Amino acid sequence: MNKPTDMKAAETVPLWIDGRRQAAQSTRAGDVTNPATGEIVRKVPFCNDADIDAAVQAAKAAFPKWRKTPSLRRARILMRYRELINEHRDELASLITEEHGKTHVDALGSVQRGLEVVEFAMGIPHLMKGEHSEEVGTDVDTHSLREPLGVCAGITPFNFPAMVPMWMYPVAIACGNTFVLKPSEKVPSTAMRLAELFKEAGLPDGVLNVVHGDKQAVDSILAHPDIRAVSFVGSTPIAKYIYETCAKHGKRVQALGGAKNHAVVLPDADLDFAADALIGAGYGSAGERCMAISAIVAVGDCGDALVEKLRSRAADLKIGPGTGKDIDMGPLVTAAHRDKVAGYVDKGVAEGAKLVLDGRNYKAAGHEKGYFLGATLFDDVKPDMTIYKDEIFGPVLGVVRVKTLDEAIALVNANPYANGVAVFTRSGGAARKFEREIEVGMVGINVPIPVPVAFFSFGGWRGSLFGDTHVHGMEGVRYYTRAKVVTTRWPDADALPTGFHMPTLG
Ligand code: NAD
C-alpha cells in the first residue's frame, strides 16, 4: 500500500485553478483530521468570493476552446486519464483512508466505481449524437443537437471523496463543459490528486478546477452568474437549500440528498445469505454510505432468527484503523459525528427500542484517540422512534417487525427518504410485486446495495433527490447538455417565403 506522497503532513491544501496549485486568497481555514488517530493532518482553506471567482473565470476562459475540441479528442484524454487513475488507485485509496477513515479495500472499491464513470464518459461522443429528419416540410429538414452548458459546478459530501466527484465532472467535461469542483472540506486531498492526474492525461488548463470551503464557498458558487449548472450530493436539508437557491438564481440543478435505506426480508429468504449481505450493507464504511442499509424490515416470523444471525455476525466484526490488516470497519469521519451517532443510540434506548448489540464503548487498541464506534444493533424499532425517522449515517442497524409484505411496502413508501431499498426473497412473484409497488429510486432484489453501474443512472426519489435528473448514465449526459433543434431550408433566391400566418412548413 502506498503512503500518500503528494500531500505533506500539516501543509495547507492548495486550490487547483487554471491547471496549477494556487494558494487561497481567503485567510479562513479548517482542520483535516485522520479519523483513526484524531491527528490534524493538514489545513484546508475556506474559499471566499474572490477564490471562487478566480476558479470560475479560469473555467469560463477555457470553455470556448474545450467546447470546440473534437469530442473524440476529448474522449482520448479521458482514456489516458482512466489509465492514470488505475495506476494511482492505491495512492488515491490511501488518501481516502487517511482523511475519511474507511478501509483501504473499501476505498479501492470506491475509486473503481468512480473509474467506471470515466470509462462510461469515454463513449459520450456516441451519446451526444442528435437526430435528423428530412422533408419535415417541402424542402425542409430538421436536426437536433446537444450542446454543452458552459461552466458547471459540483459540491460533494465527505463519504466518497473520489467516487461522488467522479459521478459529475468526467461526464460534464466529456460533454464539452468546464467544471469547478468543491469537495467536502473534511476530505479535500483526493479531489486535488484527481485534478492533477487529469492534467497529466492532457486536460487543458482551466477545464477542471478545485476549490475548498464551507457554506461561504458554496453560497458563492450558487450565486455566481457565470455558473450554468450545479450538481450537489450531501444531506437532505442542504440539498433542498441548494435546489431552492439555484432555482432562484436561474441555474440548472440536481441535488442528491440523504437516505434511510430499508431491506425487507421475507420469511422465505435464505436468512444466512441475507444476514451476510446486510452486515456488509449496514456496517461497511461504518454505515457512512448513502446506500447503506439502516432499517431492516423483518416480515412474518423470520425476525427472531434473523436478529440472532445479525447479532452474531456484527459482534465478530474487526474494527480498527482503515490501514489495518483484515479490518472490516474503520472509524467515523469526525469526533462530532461519532458523538452524534452515539447520541442516537442513547435516544433509541430511551425511546424503548431493544438494544441487542451496543457499540458505544468500543475502543480500538492503540488508536484510543480515533473516532471509533462499535457495530450497534437494535430490535423492535418502531416507526415513530427517532432512530427510525432520522438518517443516522453510522454503524447502527435497526430491525422493524411487520406481519406482511404489503405492510412492509407501505412502511417504505411512507418514509420521507427514497434513495435505495432491497428485498430478500426466493419468490419471483413477491419480488415482482415489490419491484412494481415500491416507490424508491434504486431497488435491489437479493442485492443489498443496488448502486447502478455507470451506464445506468444513480439517484433517489422524494427527499433523496431535488431536481429532475439522476447522475451519470444517459441522465447525466442530458443534464450536462441542452437540446437545440434546427429547422433548415435552402430556398431558391426567388422563392423566399412571406406572410404572417403560423408557418406549417408543408
Ligand atoms: P453535507 O450536506 O453536510 O455536506 C455536503 C456538501 O455541502 C459539502 O461540500 C459541504 O461543504 C457543503 N455544506 C455543508 N453545510 C452547508 C451549508 N449549510 N450550506 C451550504 N453548503 C453546505 O453532507 P456530508 O455530511 O458531507 O455527507 C453525508 C450526507 O450526504 C448524508 O446525508 C448522505 O446520505 C448524503 N449522501 C447522499 C448521496 C446520494 O447519492 N444521495 C451520496 C453520498 C452522500
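**Close-up views of a predicted model**

Asp139 counts as exposed (over 50% relative accessible area; buried is under 20%, partly exposed in between; 1.4 Å probe, protein chains only) because its relative accessibility is 52%. The model is predicted, so local features need pLDDT of at least 70 and side-chain atom pairs count only at pLDDT 80 or more, while totals for chains, interfaces and linings use all residues. Residues are numbered from 1 along each chain as its sequence is written, and side-chain values use heavy atoms, with hydrogens and water left out.

**View 1. A patch of negative charge on the surface includes Asp139.** The loop between strand E5 (132-137) and strand E6 (140-148) holds Asp139. Glu134, Glu135 and Asp492 belong to the patch with Asp139.

**View 2. Tyr169 and Phe179 are part of a ring cluster.** Rings of Phe, Tyr and Trp (its six-membered ring) pair if their centres lie within 6.5 Å; planes under 30 degrees apart are stacked, over 60 edge-to-face, the rest tilted. The count by this rule is 11 aromatic pairs. Tyr169 and Phe179 make a tilted pair, with 6.4 Å centre to centre and 55 degrees between the planes. Tyr169 lies in helix H6 (residues 163-174) and Phe179 in strand E8 (residues 178-182), 10 residues apart. Tyr169 is buried at 1% relative accessible area, and Phe179 is buried at 0%.

**View 3. Tyr479 and Tyr480 form an edge-to-face pair.** Their ring centres are 5.0 Å apart, with 80 degrees between the planes. Tyr479 and Tyr480 are both buried. Ring pairs link Tyr479 and Tyr480 into a cluster with Tyr81, Tyr169, Phe179 and Phe198.

Note on methods: Patches are made of residues with over 30% relative accessible area and no salt bridge: like charges are joined within 9 Å, nonpolar side chains (Val, Leu, Ile, Met, Phe, Trp, Tyr) within 5 Å. Accessible areas come from the Shrake-Rupley method with a 1.4 Å probe; for residues, only the protein chains shown count as cover. A salt bridge is a side-chain nitrogen of Lys or Arg within 4 Å of a carboxyl oxygen of Asp or Glu. Lys and Arg count as positive and Asp and Glu as negative; His and the chain ends are not counted. The place of a charge is taken as NZ of Lys, CZ of Arg, CG of Asp or CD of Glu. Helices (H or I, at least four residues) and strands (E, at least two) are DSSP runs, numbered from the N terminus.
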